[in-house]
Amino acid sequence: MKSSVITFPGSNCDRDMDVALTKFGFKNKMIWHNDQELPKSDLIVLPGGFSYGDYLRCGSMASKSKIMHSVINFAKSGGLVMGICNGFQILVESKLVPGVLLRNKYLQFICKNVHVKVDNKENIFFKNLDKKVLEFHIAHNEGNYFCTNDQLKEIEDNNQIAIYYCDQNGNTNDQMNPNGSIKNIAGIFNKEKNVLGMMPHPERMIDESLSGEDGSIFFKNLLNNIK
Amino acid sequence: MLVNEKIAIEHGLKSDEYKKICKLLKRIPNITELGIFSAMWNEHCSYKSSRIHLKKLHTKGKKVIQGPGENAGVIDIEDGDAIVFKIESHNHPSFIEPYQGAATGVGGIMRDVFTMGARPIANLNSIHFGSTQNKKTKNLLRGVVNGIGGYGNCMGVPTIAGQTSFDRSYNGNILVNAMTLGLVKKDKIFYSKATGLNKPVIYVGSKTGRDGIHGASMASASFDDKIEEKKPTVQVGDPFTEKLLLEACLELMYGDSIIAIQDMGAAGLTSSSIEMASKGNLGIEINLNKVPCRETKMTPYEIMLSESQERMLIVLESGKEEIAKKIFDKWNLDFAIIGKTTNTKNIELFFDNKQVANIPVNTLVENSPMYDRKWKKSKLPKKNKTNKTLFKSLKIKDTLKKILSSPNVCSKEWIWQQYDHTVMGDTIQKPGGDSGVVRIHKTDKAIAATVDSSANYCWAHPLTGGKQVVCETWRNLISVGAKPIAVTNCLNFGSPEKEENIGEFVECVQGISEACKYLDYPVVSGNVSFYNETKDIGIKPTPTIGGVGLIKDYKKMITMDFKEIENIVLVIGKTEGHIDQSLLSRIILNENNGPPPEVNLFNEKNNGMTLLNLIDKNFIKSAHDVSLGGIITAISKMCIKGNKGIQIKKPKFLINEIEYFFAEDQGRYLIEINPKDFKEVSKILDKNSVHYDEIGKIIDKEMIIDQKTKLTIDELKSYNTNWLKSYML
């Protein structure tokens, strides 16, 4: 299976994502933001980091970069696109997924392990996953998901919420909400569910010596689903 | 503008220094030249009060590839790999403007490391604030933490460990010391020595602005009431540009285009160009009209003294200009050929086709002032006669609660959760342990790093304090299973013009050197920060030591959390009951006098090496060094981290229980072992003449000291974790 990770100026989780994808069997290529064309890929990943310094709204500059035209076309024609952290912010700014990401509720960068509940498994990203709660890792300053009531109704009606922040037993409540996201939303899909944006970093959970192994479960499952 | 003595003094030069300049030049300098002299001859750049003493540091060792004198030190970690590391202070700017001061401190130290060709793999910091009652402390802490996170997080380099302390003596001068480690191949290290004539001198990175002019001079003076006016001397950081600069420099370094490279840190273009020329014994010619400027009408004086961040100076191989330019264009960074190397041994500056400065390089470097200031020796204070009946009135539980929730012992999670400590995917020991540990990417090796200081011990007796800090970092490395290799030091002191302060400096340096020599743990880099004083009140002497060690097989790394119920816990090292200068003495007994605990270098080395041997044989399940707050504080932390309890045995010693639990005798560790290994472990300890006591057995969820004194792990946790969070609300 072929994957491509886009490097924007200021991306800093591009290497980590490359390591993770390669570890679980993807043939991965690193693509420069200024390129026009995407190589043939089964999965495109927008990695974490601070694209263009995030000096404007996070992700907004990157959403206008050259390669994003191709990424948007790829997504619209049904190709799989995943945005992690800053990648999620870029997806939001590109309008590939609905809503916005505001500054964290307590106005602080947060770096820690969190649990997320996977509710919706009728999609290629989480299909066949045998766990309901995964332990992932977050590291962000602007992960506070927000959308209008109308939008919320729409994404709920379409089953577009991918993962929720929760405790280790899968209970979602305010206490388990690290950044103030509406409904504890940690990740969402587009309507067609071929585009996933999420704040947590599965690529930081791929080794028991690191923060944990649930990222490995996610990537192995994803590869099997794409095959 | 005509230069005279008054203007020279306004530049921070002394009257006789100005006379020396005129004599060396055989004329009166113009204003640009005066600016250059003042930048090169200030304390921060010239080390004029410290140089003579720094020579005494122990800097040599088998693993040292590069000692002090370069952008950073380099050590050998085998298999062709090397670690580049250094610590640096950004104290003065951080007090004036905490966010930018701390951010640019982090940016500066990372540049020092990647200038040498190394990709930064870990950041650490040691930050010190005034009393928690002081009204400025909270905002300064918040600003500094935001600044460190803002810069390091954006760069994508994990911040893996640190130290935070609070003490009244920092009320008017906080300390922000930042340390970076980078990884490089041994045969791809870059240095700052220029070689060859007529080689192009290249400017890359951000444009030059008017920020930070005289930053290094500001850092070479004490504060007074008018520090607000000094805000313009603080630089403004742009981590995004630095990230681009990092990637562009590493890309260029992949080839063979670079002869020498130097980052523009303190004193900007001035010190970078002069250092490269001086090391290569060459001259350098610069056309200042070619320097990319952010603001209009900048004068030669401003261009030379600006401390705008994220800039580098490179001497290129002739003919490689196009290759280099292409890389910097790709990363959207400025690239300008601004001059060339010459054989004049002078620095010659041109602006609007006129020569605006012409100074022999050696006058700025070798001939810079060096002072052997008069210093005062410290006496070892007399031991306090603590009233032992006082101990009887203390309840262990209440005392422990106070200590665990005291600002200098409590959990610093509120701080390090704001730092990205997991990016790069190799952090195998996060902040909150004895050392941070990162794997060497795609190998079985890992590097452990720690940073520490003990201002109270150094204040009480600088010589002992200096030794103690080195040993403390040594123990932090041993506790995670790393073999200590080398250190970097950041020497924070008051005014060197005062006999007491320079005395503290001299004796701390002596202590550091003795310990480093004995432990074969050399100093490979560092910096000195003097004039940490406001209105005549200086800080406590605070040498900060950053220690680095190697773990050959990262799977053998040790953490401090208790692992398994029924395992037994040993105290390694002898407990004599030293209470003077301990946390117990300060915050419970309100006694600040007396000598610090004695440091026995033989025991330090012997205990440490024996533990490494036990770790290598897989006997040790968890380990933690005993420091502030004594044995009981260390045990509490192991309980909290492992979410397990301990049944403590009654100590067999004649000393009082309070002394036993809270004393800060040195050279001690706590280790957890399986009872079935006890015989074998005790054999090894005995064979090596290491003192040990069995202190207890791991149980579930409760710390039981005696029938009356029981604490649940949740209680311990809440004492330890809540203080900082609620303070910062």
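In which sense do strands β14 (residues 427–429) and β15 of chain B pair, and over how many bridges? They pair in the antiparallel sense, over two bridges; strands here are DSSP runs of E with at least two residues, and helices are runs of H or I with at least four, numbered from the N terminus, while pairing requires at least two DSSP bridges between two strands. A word on what you are viewing: this is a predicted model, in which local features need pLDDT of at least 70, side-chain atom pairs count only at pLDDT 80 or more, and totals for chains, interfaces and linings use all residues. Residues are numbered from 1 along each chain as its sequence is written, with chains lettered from A and ligands numbered from 1 in the order in which they are written.

Within this pair, B:Gln429 has B:Val437 as its bridge partner. Six residues lie between the strands of the hairpin, and B:Gly432 takes a positive phi near 105° there.

On to the next strand: β15(B) is also joined, by four bridges, to the antiparallel β16(B), residues 446–452. B:Arg439 is bridged to B:Ala446. This hairpin too has six residues between its strands, with B:Lys442 at a positive phi near 60°.

Side chains in a regular strand alternate between the two faces of the sheet. In β15(B), B:Gly436 and B:Val438 point one way, B:Val437 and B:Arg439 the other, and all are buried (20 or more other C-beta atoms within 10 Å of a residue's own, placed from the backbone; 12 or fewer is exposed, in between partly exposed).

Stepping back, 61% of the 729 residues of chain B count as buried.
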